[in-house]
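Subject: Structure handover

Hello,

My notes on the interfaces, the symmetry and the salt bridges follow it.

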Protein chains: 4
Amino acid sequence: MYFASDNAAPAAPEVMEALGKANEGYASSYGNDEIMDRVTARIREIFEAPEAAVYLVSTGTTANALSLSVLTQPWQTVFCHRHSHIEEDECGAPEFFTGGAKLTLLEGADAKIDADQFRNRAESTGVLGVHNIQRGALSITNVTEMGTVYTVDEISRLCSTAKELGIGTHLDGARFTNALVALGCTPAEMTWKAGIDVVSFGGTKNGLMGVEAVIIFDPAKAWEFELRRKRGGHLFSKHRYLSAQMEAYLTDDLWLKLARQANAAAARLEAGLTRTNSFEMLHPRQANMLFCGMTRAAHERAQAGGAIYHPWPGNHPATGPSDEILTCRLVCSWSTTDAEIDEFLSLVQG
Amino acid sequence: MYFASDNAAPAAPEVMEALGKANEGYASSYGNDEIMDRVTARIREIFEAPEAAVYLVSTGTTANALSLSVLTQPWQTVFCHRHSHIEEDECGAPEFFTGGAKLTLLEGADAKIDADQFRNRAESTGVLGVHNIQRGALSITNVTEMGTVYTVDEISRLCSTAKELGIGTHLDGARFTNALVALGCTPAEMTWKAGIDVVSFGGTKNGLMGVEAVIIFDPAKAWEFELRRKRGGHLFSKHRYLSAQMEAYLTDDLWLKLARQANAAAARLEAGLTRTNSFEMLHPRQANMLFCGMTRAAHERAQAGGAIYHPWPGNHPATGPSDEILTCRLVCSWSTTDAEIDEFLSLVQG
Amino acid sequence: MYFASDNAAPAAPEVMEALGKANEGYASSYGNDEIMDRVTARIREIFEAPEAAVYLVSTGTTANALSLSVLTQPWQTVFCHRHSHIEEDECGAPEFFTGGAKLTLLEGADAKIDADQFRNRAESTGVLGVHNIQRGALSITNVTEMGTVYTVDEISRLCSTAKELGIGTHLDGARFTNALVALGCTPAEMTWKAGIDVVSFGGTKNGLMGVEAVIIFDPAKAWEFELRRKRGGHLFSKHRYLSAQMEAYLTDDLWLKLARQANAAAARLEAGLTRTNSFEMLHPRQANMLFCGMTRAAHERAQAGGAIYHPWPGNHPATGPSDEILTCRLVCSWSTTDAEIDEFLSLVQG
Amino acid sequence: MYFASDNAAPAAPEVMEALGKANEGYASSYGNDEIMDRVTARIREIFEAPEAAVYLVSTGTTANALSLSVLTQPWQTVFCHRHSHIEEDECGAPEFFTGGAKLTLLEGADAKIDADQFRNRAESTGVLGVHNIQRGALSITNVTEMGTVYTVDEISRLCSTAKELGIGTHLDGARFTNALVALGCTPAEMTWKAGIDVVSFGGTKNGLMGVEAVIIFDPAKAWEFELRRKRGGHLFSKHRYLSAQMEAYLTDDLWLKLARQANAAAARLEAGLTRTNSFEMLHPRQANMLFCGMTRAAHERAQAGGAIYHPWPGNHPATGPSDEILTCRLVCSWSTTDAEIDEFLSLVQG
């Protein structure tokens with residue numbers, strides 16, 4: 001019963017098999033491997049973006065920080081949600097890679113940026129000229145850090161404001177596919193058709209060992225990205241092992257299948273929890289993560305039974321601080337089994 | 001016949017097997033996996049350094065740049081050979097990670113820093129106070145970029161000067177084990193006993209998919225290193241796959257065995273080439289790389305036969321520029337076979 | 001009638017005289033002038049800090065950003081008020097000089113940091129270890145950006161929390177002397193005795209052409225500061241002209257006299273405005289700045305009469321957005337005359 | 001007898017007078033003063049560059065580092081002479097302001113870049129793609145650090161190579177006017193007509209208190225420069241005092257007159273020294289600086305007589321290390337008098 005994070009799950013068997021197959025003989029290094037050529041072609045096809053530049057890196061922090069670095073000058077700011085990974089969980093990587101840009105923190109329910117607040121803050125940014133930090137980029141996260149999913153319309157509205165104000169847009173898609181299958185739209189609809197310029201297309205949390213693609217729809221940024229990737233130590237010499245993972249991921253819809261499994265597991269877990277009276281959803285469950293208030297009694301039974309998950313900052317918002325209600329995050333991955341879920345449900349029901 | 005680089009070789013079968021084994025069930029993320037505990041213990045044992053901090057990263061550029069960043073302030077300089085990887089092949093990663101430090105380029109035969117020049121340059125660095133860049137760190141490379149190997153005494157002498165001048169020392173050991181088995185000394189003798197403070201302990205070029213350890217003998221630098229690694233995007237969530245590679249590497253002397261194979265292959269290649277009159281060694285062959293002048297005729301036969309290797313900048317130093325003599329780098333890896341070598345020798349002998 | 005900013009005022013005659021006197025013959029450059037020796041001694045005396053390191057720079061942004069750079073690592077955050085100069089008016093200079101640190105924005109009435117919020121935010125910063133930005137420094141501003149003045153007790157309380165949490169403290173004293181004379185305390189009481197580590201001791205807004213001192217109470221930071229100052233382009237070759245200004249400033253209590261004049265002018269202005277029913281104070285007037293709501297009619301009369309001042313962001317907080325009430329900032333300087341004030345009062349009274 | 005540096009000289013009386021005049025009443029801050037409008041117009045006229053962007057900063061290091069920062073990306077290199085101010089005397093300011101670019105050090109007699117070496121080095125820079133630092137900018141210094149002067153043809157040849165290779169060009173003109181009057185050409189001929197993109201137009205060493213102009217011939221870079229200047233802490237609030245100095249400098253040919261005085265003083269000194277047999281010129285004296293070998297006996301007489309000048313690194317190149325011959329730098333300024341020179345000559349002649 002492991003609900004702490006989807007990054008604690010193993011890699012999918014298809015991925016391990018592909019790695020073994022890639023490990024034969026010599027291969028050109030530094031991204032010049034033949035598998036990468038196929039990966040690029042496949043991603044362009046999936047995203048209906050024949051001109052897109054495609055790069056692989058090994059961590060989500062890297063994908064985000066490098067993406068932002070080609071969208072944001074050091075004297076500019078990135079508009080993002082207060083509860084975004086780039087603000088809370090990357091130890092300042094965006095600041096490091098951009099050369100010292102700011103992050104302007106926006107509010108919004110369920111970790112989704114409030115569109116009006118974004119417009120107001122962006123419009124009032126930089127108005128005193130050289131004294132102020134300037135508008136840089138918009139970064140949104142889908143699936144959000146609270147497990148909710150922006151609709152295509154919501155993304156479009158935010159990006160439309162960004163375009164109007166002349167700034168670029170980034171999508172942190174560490175859980176891109178979980179959002180995609182939740183929305184039932186196409187990758188193009190969730191990204192460039194909605195106004196996204198650069199995507200962190202995550203694989204690690206959805207069955208890979210450690211690969212994220214960065215997709216840049218405007219190829220004019222490609223060379224700068226390549227230089228920044230190398231300079232950041234993120235260009236792998238034995239690059240074929242990244243390519244092979246991503247190729248397996250995109251073969252026979254594995255990426256979609258794994259995300260559907262994770263989302264379905266979370267739905268099953270949610271259904272079970274809502275049948276108890278020990279849990280309350282703090283945010284709508286829309287993909288593979290649940291944020292819940294739970295009774296202390298349920299928590300203690302779960303802990304005693306060996307369930308692993310993170311308490312989450314803050315107390316139950318409806319009832320206020322309480323010794324009786326705790327908050328927690330429960331994450332399902334592609335590898336979460338029905339048995340695990342049922343065992344957990346059985347534990348917490350008492 | 002692939003002699004272009006040891007980073008084009010596959011990973012060793014033992015490593016792939018370990019990856020498969022590590023891919024079972026859940027594991028704590030971000031370096032808290034159990035395999036990493038064992039890797040740390042094993043490296044401390046091998047290096048006879050029970051206090052050392054040990055970290056894994058995925059590229060050699062990262063290992064070097066992060067290592068230098070904990071040894072060098074932005075207003076300081078790193079003393080290194082003009083032909084060092086950190087100067088020539090990392091697109092400014094050391095400058096990026098240190099926040100803009102300089103590299104002071106030193107000369108020396110066979111890509112080994114001239115000890116007198118180092119002393120002279122270091123002593124005259126920073127003498128005008130605040131106007132000058134200050135002394136930062138010494139970085140040496142073993143195996144060097146020209147395939148030669150510093151002796152323990154040579155390392156000691158350079159480090160002794162560094163210590164006297166109050167600066168830290170870094171060893172770029174992208175081919176650490178190739179140097180170690182060439183010298184026949186212990187890891188401790190080649191590093192901290194000789195005065196090295198921080199080591200990039202390479203695995204990628206010697207049979208791993210993509211793992212380098214950084215070993216910091218003074219644990220006071222450990223926390224800063226961890227923050228810099230995360231901030232640089234180099235902390236893997238699914239860290240177990242790095243740990244598993246390194247554990248396999250250090251099990252049953254695999255690391256030593258692989259390096260010996262590579263060095264032996266290079267020795268066999270050298271022996272064969274010196275029996276022809278088409279080749280001349282430009283630097284002593286001391287590990288797994290050869291730098292040669294070769295006749296154009298031999299080159300053309302090799303190319304026609306499908307041999308892959310890099311021409312190397314500059315012409316034959318003894319005879320001067322010539323259309324008839326080309327220079328090339330030939331690198332053997334753990335996977336180079338006698339058959340490959342013999343086929344190459346047969347081709348170039350005409 | 002110029003109330004736009006104290007940095008639009010001329011330099012005091014004593015300062016110009018001192019510049020003329022300093023402009024005789026040769027003088028050692030780069031801070032080695034004899035006048036600087038006297039300035040250092042005088043500042044140490046005034047601050048009762050015989051060990052303090054003292055440096056001169058030419059802008060307030062520089063004084064702040066360099067001060068923060070010796071207190072904050074790139075992976076740390078500076079706690080400051082949302083309405084602080086370092087956040088709103090320096091185009092990211094703190095981020096630039098610190099190498100990419102964050103600013104954590106705190107609330108608090110009248111631009112003074114809420115002490116409880118500071119404690120809460122600081123205590124919850126960095127608790128997830130390497131994933132989070134770490135605690136760096138506290139920066140407070142006295143006089144604040146809303147013209148209010150922290151009491152010595154308020155400073156002490158904030159600094160006490162900072163010390164408890166192990167972080168350094170900076171005082172942005174662009175209007176240091178205006179606060180000092182408002183409080184009637186000693187420089188030591190307002191700084192190191194209250195727990196401040198580094199002070200930006202402003203002169204430019206109080207009668208100098210362009211000089212700020214940075215006072216570092218812990219001399220261990222001095223050499224790093226000197227290197228950062230030079231590297232930032234802020235070490236003057238003809239340094240005597242900075243020294244001479246500061247020496248004149250500290251001679252015969254000129255600094256105190258000028259600040260008292262500015263504060264008295266603001267008090268006179270406030271007294272006059274409160275006798276009208278066209279103005280309302282938005283923050284307590286405690287030094288040389290007034291933030292007011294004013295009627296549109298009064299504003300139009302003032303503009304027509306040639307008064308110069310800045311409207312200030314936001315509308316009247318009590319009454320909400322209104323076409324009838326505008327907000328403005330009125331700043332008095334050492335050179336503001338009673339005649340100017342009376343003319344302004346006469347205008348707005350209609 | 002002060003020959004240590006031209007930055008130890010006082011400001012010209014005309015400059016002090018202009019400062020006094022500027023110190024009347026209120027003036028708009030941050031570069032919006034009326035004097036600056038006139039300065040911009042005057043510099044555009046003098047440089048025959050009606051579109052040029054013109055900015056004032058207070059130190060030469062700042063002018064250079066900011067200029068380079070708009071010409072060079074972090075992953076690029078600045079080609080400059082090994083003995084350039086940006087390499088030797090700025091504590092890494094170019095690296096700081098560019099975000100970590102490299103400096104590629106070129107040789108050349110008399111501190112003038114060898115044109116063939118520049119071409120060779122620049123052509124071979126970046127050829128291995130993403131692994132290498134890329135070509136950034138060319139920076140030349142006139143007057144050079146050895147007191148020599150590039151001819152217009154020499155500048156043109158270097159810039160022509162730079163343009164061919166697609167890189168920008170910077171002129172460090174800390175002693176711009178000394179070079180100009182030595183060459184007898186126009187400012188346009190020495191700069192943009194010869195291919196220079198950005199100029200550090202020095203004033204401090206030639207009679208100002210502390211002002212340098214940066215002139216950017218391509219106004220597309222102007223806004224970025226303004227943001228970088230502010231972010232670097234180099235935008236003065238009371239900017240009128242910089243403007244006033246520069247306006248006085250450019251009025252009634254003061255700048256030319258002062259530079260001619262300095263050069264003439266150096267010529268007189270040279271003529272006197274060459275009549276002794278105690279001195280030998282190490283570089284041609286072409287402007288206001290002399291680099292000499294001098295006998296120890298002459299040195300001791302000069303010291304005993306109170307002459308102030310700097311010994312200069314290295315020994316006499318012709319005769320090799322010697323206890324009998326010392327090397328020194330002698331700098332004349334606008335304020336050097338014939339009496340000082342004659343007293344010095346008298347001393348050293350014994």
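One caution before the notes: this is a predicted model. Every value below was computed from it.

Chain B against chain A

I began with the contact between chain B and chain A. On the chain B side 49 residues take part, and they meet 49 residues of chain A. Together the two chains bury about 4100 Å² here, with carbon and sulfur atoms giving 56% of that area. Three residues stand out on the chain B side: B:Tyr26, B:Arg231 and B:Lys238 supply 21% of the area that chain B buries against chain A, more than any other three residues.

What holds charges across this interface? The count of salt bridges between chain B and chain A is zero. Polar contacts are another matter, with 38 residue pairs between the two chains, both residues at pLDDT 80 or more. Five helices of chain B give two or more residues each to the side that touches chain A: H1 (13-22), H3 (60-69), H5 (93-98), H10 (222-231) and H11 (240-249). H5(B) has the largest share, four residues. Sorted by class, that side of chain B has 20 nonpolar, 20 polar and nine charged residues.

Chain D against chain B

The contact between chain D and chain B involves 18 residues of chain D and 18 residues of chain B. The buried area is about 1400 Å², and carbon and sulfur atoms give 44% of it. Here the count of salt bridges is four. D:Glu87 and B:Lys102 form a salt bridge, in which the closest N and O atoms are 2.7 Å apart.

H4(D) gives the most, with three residues. By class, this side of chain D divides into six nonpolar, four polar and eight charged residues.

Symmetry of chains D and B

A rotation of 180°, with 0.0 Å of shift along its axis, superposes chain D on chain B at an RMSD of 0.0 Å. That is the relation of a two-fold axis. The contact residues fit this picture: 100% of those of chain D recur in chain B, and the same surface serves both copies. Of the residues of chain D, D:Gly100 comes closest to the rotation axis, its C-alpha lying at 2.0 Å.

An arginine in chain D

D:Arg228 lies in helix H10 (residues 222-231) of chain D. Is this arginine buried or exposed? D:Arg228 counts as buried because its relative accessibility is 16%, and the cut-off for buried is under 20%. Leaving aside residues up to four places away in sequence, D:Arg228 touches D:Leu66, D:Ser69, D:Val70 and D:Phe97, and also A:Trp75 from chain A.

Salt bridges

Side chains of opposite charge can pair when their charged atoms come close. Over all chains, the count comes to 68 salt bridges.

In chain A, the side chains of A:Lys112 and A:Glu154 meet in one of these, at 2.9 Å from N to O. This pair links distant parts of the chain, 42 residues apart: A:Lys112 is in the loop between strand S3 (102-106) and helix H6 (115-123), and A:Glu154 is in helix H7 (residues 152-164). A:Lys112 counts as buried, at 13% relative accessibility, whereas A:Glu154 counts as partly exposed, at 30%.

In chain C, C:Lys163 forms a salt bridge with C:Asp197, with 2.7 Å between the closest N and O atoms. C:Lys163 is in helix H7 (residues 152-164) and C:Asp197 is in the loop between helix H9 (187-190) and strand S6 (198-202), so the pair links parts of the chain that are 34 residues apart. C:Lys163 is partly exposed, with a relative accessible area of 39%. C:Asp197 also counts as partly exposed, at 22% relative accessibility.

In chain D, the side chains of D:Lys163 and D:Asp197 meet in a salt bridge at 2.7 Å, N to O. D:Lys163 counts as partly exposed at 40% relative accessibility, and D:Asp197 counts as partly exposed at 22%. Lastly, salt bridges that share partners join A:Glu87, A:Glu95 and C:Lys102 into one network.

Regards

Notes
Residues are numbered from 1 along each chain as its sequence is written. Chains are lettered from A and ligands numbered from 1 in the order in which they are written. This is a predicted model: local features need pLDDT of at least 70, side-chain atom pairs count only at pLDDT 80 or more; totals for chains, interfaces and linings use all residues. Side-chain values use heavy atoms; hydrogens and water are left out. Contact means heavy atoms within 4.5 Å. Buried area is the accessible area (1.4 Å probe) that two parts lose on being put together, summed over both. A polar contact is a pair of N or O atoms within 3.5 Å; within protein, one must be able to donate a hydrogen and the other to accept it, and residues adjacent in sequence count only if both atoms are side-chain atoms. Ala, Val, Leu, Ile, Met, Phe, Trp, Tyr, Cys and Pro count as nonpolar, Asp, Glu, Lys and Arg as charged, and the others, Gly among them, as polar. Buried means under 20% relative accessible area, exposed over 50%, partly exposed in between (1.4 Å probe, protein chains only). Copies are superposed by least squares on the C-alpha atoms of residues with pLDDT of at least 70 in both.
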